[in-house]
Structures are given as structure tokens and as C-alpha cells.
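Visitor: I've just opened my first protein structure and I'm a bit lost. Could you walk me through it, one question at a time?

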Amino acid sequence: MTALIEASSPHVMNTYGRLPIAMSHGQGAWVWDVNGRKYLDGLGGIAVNTLGHNHPKLVPALQDQIAKLIHCCNYYHVPGQEALAKKLVEFSGMSNVFFCSTGLEANEAALKLARKFGHDKGIERPEIVVYEKAFHGRSIATLSATGNEKIQKGFGPLVEGFIRVPVNNIDALKKATEGNPNVVAVFFETIQGEGGINAMHLDYLRQVRALCDERDWLMMIDEVQCGMGRTGKWFAHQWAGIVPDVMPLAKGLGSGVPIGAVVAGPKAAGIFQPGNHGTTFGGNPLAMRAGVETIRIMEEDGLLANAAQVGEHLRAALQRELGALPGVKEIRGQGLMLGIDLDRPCGVLTQRAADAGLLLSVTADSVIRLVPPLILTADEADQIVAILAPLVKAFLSESTQ
């Protein structure tokens with residue numbers, strides 16, 4: 001009998017509440033741990049593994065690139081940057097792109113763009129509107145823009161210059177900024193991920209776009225988690241028919257290879273000049289190849305349509321099985337970015353689901369988050385429901401007894 005391999009990391013800093021699982025390999029929407037146990041990946045590396053695992057078109061392309069050039073600093077032109085930037089500009093209707101390595105870096109760059117936009121207009125202390133329950137990262141600046149006191153605690157003083165408002169309330173936004181000449185930008189996620197799968201209403205997005213135009217603010221939309229086809233369009237804000245001025249991206253853009261980007265429209269495209277911003281690893285040839293190939297495969301395999309269709313199939317099945325249960329407040333989201341909001345904390349379901357062969361997360365304490373690879377099939381969506389529904393029912397039953 002083969003002894004079980006213990007999942008342990010005694011020399012790694014204890015910054016995560018890890019499950020006692022260590023992954024070995026994956027195939028499609030499935031992964032296996034070091035002990036050979038199989039899991040259906042309903043988390044996708046937290047919306048990162050766009051193409052799932054070991055994709056037959058992606059892997060050879062990355063192997064080819066690794067054999068040529070992995071890293072080249074930004075003292076020189078990197079052809080892959082132009083190739084990927086051209087696609088992102090085409091999809092977004094915007095102007096140009098800055099490449100970095102993470103969503104946090106992309107959001108930091110967006111905040112710097114907003115501040116310099118203000119300084120270039122003669123505003124000495126620029127202020128940026130941000131939102132309740134937002135999550136933009138864990139650096140000091142992005143943490144300050146984030147709307148979660150729990151993760152901010154212990155890291156003060158936070159960066160000044162942020163005005164916080166509730167989502168989907170245009171009157172609150174106008175009231176919070178009325179008569180303030182220092183406001184330079186409005187910064188938000190189209191669908192809040194860590195905040196609990198909270199979507200901005202399409203009418204609200206249009207109202208904010210109009211207000212930004214009226215007051216000469218930058219409209220900055222964080223599409224780090226909800227972008228790159230996850231909702232069935234390249235970027236979630238496109239459902240509202242609007243175009244932002246600044247759009248940070250990351251996560252699914254490289255199918256697991258670390259990559260971040262800031263896409264800028266005409267109002268923001270010329271703000272950064274040489275010396276204003278930079279990165280060591282951002283835009284390296286391997287990451288750019290991953291982004292270019294991810295997009296190519298998404299287009300060839302129709303993954304935007306798949307995300308919309310399979311996502312709706314999954315949402316409808318979850319609604320049918322769980323929607324009417326006492327304790328289930330709402331099933332929400334779009335495409336393959338879904339949340340099941342319960343009326344009580346449900347963090348224990350992360351381990352219970354893994355024990356049953358399903359990977360997911362719980363965010364905002366009481367929201368079960370599903371962000372699987374965009375290659376997910378309807379049959380695999382049904383398997384997610386078949387595993388998850390009994391767990392939720394049992395959990396709600398035991399916590400009311």
C-alpha cells in the first residue's frame with residue numbers, strides 16, 4: 001500500500017488558509033493531487049486557467065517559446081507585446097496597452113495614471129472614487145482602494161485620496177463628489193469578484209460613463225477577474241455598450257502564465273511618458289506568447305459563446321436545485337462567473353466540496369464562487385451541480401437545527 005503524501009509547506013510563509021491538498025497535474029477542467037485524487041476544477045485558479053489544464057494547442061506554443069526566449073527586458077522592442085496589444089486594442093476599441101505581470105500591478109498603474117492625469121490638469125491632490133466591497137489588490141495603494149476593512153486591518157495608515165461610494169447608486173456618486181474639483185477618476189469592477197459576485201447594473205454603467213464625460217473624469221474599469229471572455233464578451237462592461245478610459249486586465253489573459261495589462265483609451269493613452277512607469281518582468285516574450293495564443297485559441301474554439309451558453313446552463317441548474325431553498329439569498333453572476341449567496345457564513349464548504357471532488361471558493365464569507373475554465377462543458381456543469389447541491393442542502397439543514 002502506497003503511503004499518502006502529506007500536503008505541507010513548513011518553510012513557506014503562512015499567508016494562506018490552505019486546504020490540505022497539493023496538486024500534481026491537470027487535464028481539461030480536471031486536476032489531480034499528488035495522491036492521485038481527481039477534482040473537477042470549478043475555481044480555475046481563481047478565474048486564471050481560461051483554457052483549463054494541459055491544453056493541446058497552448059502547451060506546444062509555450063514549449064516553442066521557452067526554447068527561443070523567455071525574458072527580454074524592456075530596453076528593447078518585444079514583438080509579442082505589439083501582437084497582443086493590437087488584439088486588445090481591437091477587442092476593446094481603445095488605444096494602447098502597458099504590460100505588467102499581475103492584476104495588482106495593473107491596478108497600481110491605473111491609479112498612477114489617474115493621479116498623473118490630475119497633476120497634468122493642475123490638481124495638486126487628486127481624488128479617485130472607489131466602491132464599497134471592491135477588491136483591487138493587496139499593495140498599500142490597491143488595498144486603500146479596496147472596500148474591505150477586514151483585509152485592511154493592521155496595515156494603516158492607508159493611502160489618502162479615495163472617496164468611497166455604494167454600487168449602483170448614481171445619486172450617491174453625485175452627492176459624494178458634488179463641488180469637489182479634485183476628483184479625477186471613478187474606479188470599479190464591472191462584477192466584483194472577491195466582494196461577492198456583485199454586478200454593476202448596465203444602466204448604472206451608462207450613467208457613470210455619462211458623468212465621467214460631463215466632468216472630465218477617467219472611467220477606470222477593473223476587468224482583472226471578470227474580463228477576458230468570462231461573461232461571454234471579451235470584457236464584462238461591453239454588455240452596457242460603453243468604452244472605458246482605462247482598463248486593467250490580468251488573470252485569464254495568459255491561461256496561467258503571469259500577465260497583467262492596462263489598456264488605455266484616447267484620454268489616457270498619452271499620460272505615461274518614458275520614465276513615468278515601468279516593470280522588470282512585464283511584457284516578457286513568454287507571457288506575451290501565452291496571451292496571444294490564449295486569444296487565438298479562444299477565437300478558434302468559440303469560447304466566448306461557450307462561456308455564455310454553459311454559464312447560463314450552470315446558473316439555471318443551480319437555480320433549479322438551490323434557488324428556492326431557505327437560506328439561499330440569490331444565485332447571481334454572468335457567464336462562467338457565478339455566486340451562490342447564502343444567509344450565513346459557509347467557509348466550511350470549500351473543504352467539503354474538495355472532499356467530494358469539486359474545487360471552489362467562498363468569498364465575502366457567505367458567497368460560494370464558481371469561476372471554472374472557459375472550456376467547461378454542459379456535462380461538466382451538470383457534474384458541478386450534482387456534487388455541490390447536496391452539500392449546500394446538507395449545510396443549510398445542519399446549521400438550522
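Visitor: Let's start with L40. Which residue is its bridge partner in β15?

Guide: Before we go on, keep in mind that this is a predicted model. Strand β3 covers residues 38-41, and it pairs with strand β15 (residues 358-359) in the parallel sense over 2 bridges. The bridge partner of L40 in β15 is L358.

Visitor: β3 also pairs with β2. Which residue in β3 stands opposite V31?

Guide: Strand β2 takes in residues 30-33, and its pairing with β3 is antiparallel, over 3 bridges. Look along those two strands for V31, and opposite this residue you'll find Y39.

Visitor: And in the hairpin of β2 and β3, which residue takes a positive phi?

Guide: That hairpin has 4 residues between the strands. The one to look for has a phi near 85 degrees, and it is G36.

Visitor: What is the bridge partner of G333 in β14?

Guide: β14 spans residues 337-342 and pairs with β13 in the antiparallel sense, over 6 bridges. In β14, G333 has as its bridge partner L338.

Visitor: On to charges. How many salt bridges does a search of the whole structure find?

Guide: Side chains of opposite charge can pair when their charged atoms come close. One of the pairs here is E300 with K57, where the closest N and O atoms are 3.1 Å apart. Searching the whole structure gives a total of 26.

Visitor: How many residues apart in sequence are the parts that E300 and K57 tie together?

Guide: The salt bridge between E300 and K57 comes first. E300 sits in helix α9 (residues 285-300), while K57 is in the loop between α1 (44-47) and α2 (58-66), so the parts they tie together are separated in sequence by 243 residues.

Visitor: Is K57 buried, partly exposed or exposed?

Guide: Buried would need a relative accessible area under 20%, and exposed would need over 50%. K57 comes out at 31%, so K57 is partly exposed.

Visitor: Which residue does K393 form a salt bridge with?

Guide: The closest N and O atoms of this pair are 3.3 Å apart. K393 lies in helix α12 (residues 378-398) and its partner in helix α10, so the pair ties together parts 72 residues apart in sequence. The partner is E321.

Visitor: How far apart in space are V159 and V328, C-alpha to C-alpha?

Guide: V159 is found in the loop between α6 (149-152) and β6 (162-165). Leaving aside neighbours within four places in sequence, V159 is in contact with R115, I140, A141 and S144. V159 and V328 are 169 residues apart in sequence, and in space the distance is 37 Å.

Visitor: Last one: D222. What is the nearest side chain of opposite charge?

Guide: D222 lies in strand β10 (residues 218-222). D222 is buried yet has no salt bridge, though its side chain does make a polar contact with the side chain of N107 at 3.1 Å. A salt bridge needs the charged atoms within 4 Å, and the nearest side chain of opposite charge is 9.2 Å away: K251.

How values were computed. Residues numbered from 1 in each chain as written. Predicted model: local features only at pLDDT ≥ 70, side-chain atom pairs only at ≥ 80, totals over all residues. Heavy atoms only, no water. Buried < 20%, exposed > 50% of the residue type's maximum accessible area, 1.4 Å probe, protein only. Lys, Arg positive; Asp, Glu negative; His and termini not counted. Polar contact = N/O pair within 3.5 Å; in protein donor to acceptor, adjacent residues only side chain to side chain. Pairing = 2+ DSSP bridges. Contact = heavy atoms within 4.5 Å.
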